[in-house]
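Me: I would like to learn how to read a structure step by step, with the general idea before each case. Could you take me through this one?

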Amino acid sequence: MLHVQVVTPEKTLVDTEADEIIVPTSTGELAILPQHVALVTEVAPGVLTIKTKGKEETMAIDGGFVQVTDSLVRILADYAVTGSDISATKAQEAKDRAEKAMKEKKNDVEFAEAQAEFRKAILELKLAGRIKRHN
Amino acid sequence: MATTLDLRRRIRSAQNISKTTRAMQMIAASKLRRAQEAAVASRPYVTELMALSKSLAPKDAKADTLHPYMVSKKATGKTLYVFIGPDKGLCGGLITNLIRELLKVRHENASFVTVGKKLENVGASTKNLIASFPFGTTLPKFGQVLPIVDIINEQFLGGKVDTVKIISTKFQSVFSQTPQLIDLLPVKLETSEDIKELDVLFEPSKEALLPALLKRYLEMTVYQSFLESYASYNAAQMIAMQNATNNAKDIVNELQLLYNKARQEKITKEILDISSASVALGSL
């Protein structure tokens, strides 16, 4: 068993035991099983999968770092949201809003904020699509 | 002896004050709930980020292999202080305590970046104020941190200062907020005994990971200070306004007693007048 923690600036999202974790990293998707070698790497925006006893939990994750030690996987994410919290329509709306905000960009800070929102929305859409296919 | 009309006026104004302070207390309380959640929730993230950064630092620490954030140059002997406080007062001793920390600092070797109107004036009086930012009255946004980090980078990496420290308020509980000093830069390395020697794999490489990690650490530490300050401010204001409301109510009660006495006295006097007049008339 692996102990997995997903910590974001907003809250500790996940703190459970799991069998397998699939993390998107800057060098491709990485599956972590128990007895994995100690590792530190960068997380790329994408979909994180946590498998426990045949059950799968997915979450959208936007950059960060993952640290693997003995039996602990700690993911420090800039932003993460679980699959069950995502609604595809909401994500689509957010994407449209962010796109609009980027078009009317006022200054660099606002543009960066809009861009971050846009990236989050796309991630959530991606995850929503994956969940739909799954069911 | 104040007249009854005077007293009535004073009672009314004290009542109005208690209403205002009560409203402010309610507002602070509702803001506090969100602020407290945000401040407490992001603490583990910052702690873990810091632990990770430190474990990444090379053990065979030679100055030229370290990231610039980790090197203490000791060239100018100067320190940059980032002071974080609220824009508005009415929050008890919070600002006074912060200013006391500021005055402890030796001014000739320090430059300041202040956040919040209240600290701006004090910072300006030191003549070493580099920049001043507003704090805002809503939950701090992450975007607020970025210009401050830019200035820190410019000062620290440009070699104008040796160290960067943050002075802000730590949110301990609703009843206790204390000023705290955080050593931000250079990032202190832990002595090798504290870190377990592990064969850790770095992907893509240690050198590639560290800058991103340290940048994130810097931003998050500043942001965390913002969140803690915001929570502290609302907690302090809530308590201060609660006290103010209670005091105003005490004053109302005291004045009410005086007013009743004055009114009673007036009535007694009038009766005395009437009765003495009737006695005088009757004796004629």
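Me: How many bridges join strand β1 (residues 2–7) of chain A to strand β2 (residues 12–18) of chain A, and do they run parallel or antiparallel?

Reply: Strands of a sheet pair through backbone hydrogen bonds, either parallel or antiparallel. Helices (H or I, at least four residues) and strands (E, at least two) are DSSP runs, numbered from the N terminus, and two strands pair if DSSP finds at least two bridges between them. Here, β1(A) and β2(A) run antiparallel and are joined by 6 bridges, with A:Leu2 standing opposite A:Ala18 in β2(A). The two strands form a hairpin with 4 residues between them. β1(A) is also joined to β9(A) by 5 bridges, and that pair runs parallel; in it, A:Val6 stands opposite A:Ile75 of β9(A).

Me: What kind of model is this, and how are its residues and chains labelled?

Reply: This is a predicted model, in which local features need pLDDT of at least 70 and side-chain atom pairs count only at pLDDT 80 or more, while totals for chains, interfaces and linings use all residues. Residues are numbered from 1 along each chain as its sequence is written, and chains are lettered from A and ligands numbered from 1 in the order in which they are written.

Me: Into which domains is chain A divided?

Reply: Domain bounds come from an automatic or database domain assignment, and for chain A they give domain 1 (2–83) and domain 2 (86–134). The centres of these two domains, taken over C-alpha atoms, are separated by 22 Å. Two residues are in contact if their C-beta atoms, placed from the backbone, lie within 7 Å, and by that rule 8 residues of domain 1 of chain A are in contact with 9 residues of domain 2.

Me: How many residues of chain A are in contact with chain B, and which element gives the most to that side?

Reply: On chain A, 21 residues are in contact with 21 residues of chain B, and β5(A) gives the most to the side of chain A, with 4 residues. β5(A) also pairs with strand β6 (residues 201–203) of chain B, in the parallel sense and over 3 bridges, where A:Leu39 has B:Leu201 as its bridge partner.

Me: In what order do the strands of the open sheet in chain B lie?

Reply: The 5 strands lie in the order β3-β2-β1-β4-β5, with mixed pairing. β3 (129–133) and β5 (176–185) of chain B stand at the edges, each with a single partner strand, so one side of each is left without a neighbour in the sheet. Within this sheet, strand β4 (residues 163–173) of chain B and β5(B) run antiparallel, joined by 9 bridges, and B:Val164 stands opposite B:Leu185 in β5(B).

Me: Which residues of helix α3 (residues 94–104) of chain B are buried?

Reply: A residue is buried if 20 or more other C-beta atoms lie within 10 Å of its own, exposed if 12 or fewer, and partly exposed in between, with C-beta atoms placed from the backbone. In α3(B), the buried residues are B:Leu94, B:Ile95, B:Leu98 and B:Leu102. They cover an arc of only 90 degrees around the axis (the arc being that of the directions from the helix axis to the C-beta atoms), which puts them on the same side of α3(B). The face turned away from that buried side carries the exposed residues B:Thr96, B:Arg100, B:Leu103 and B:Lys104.
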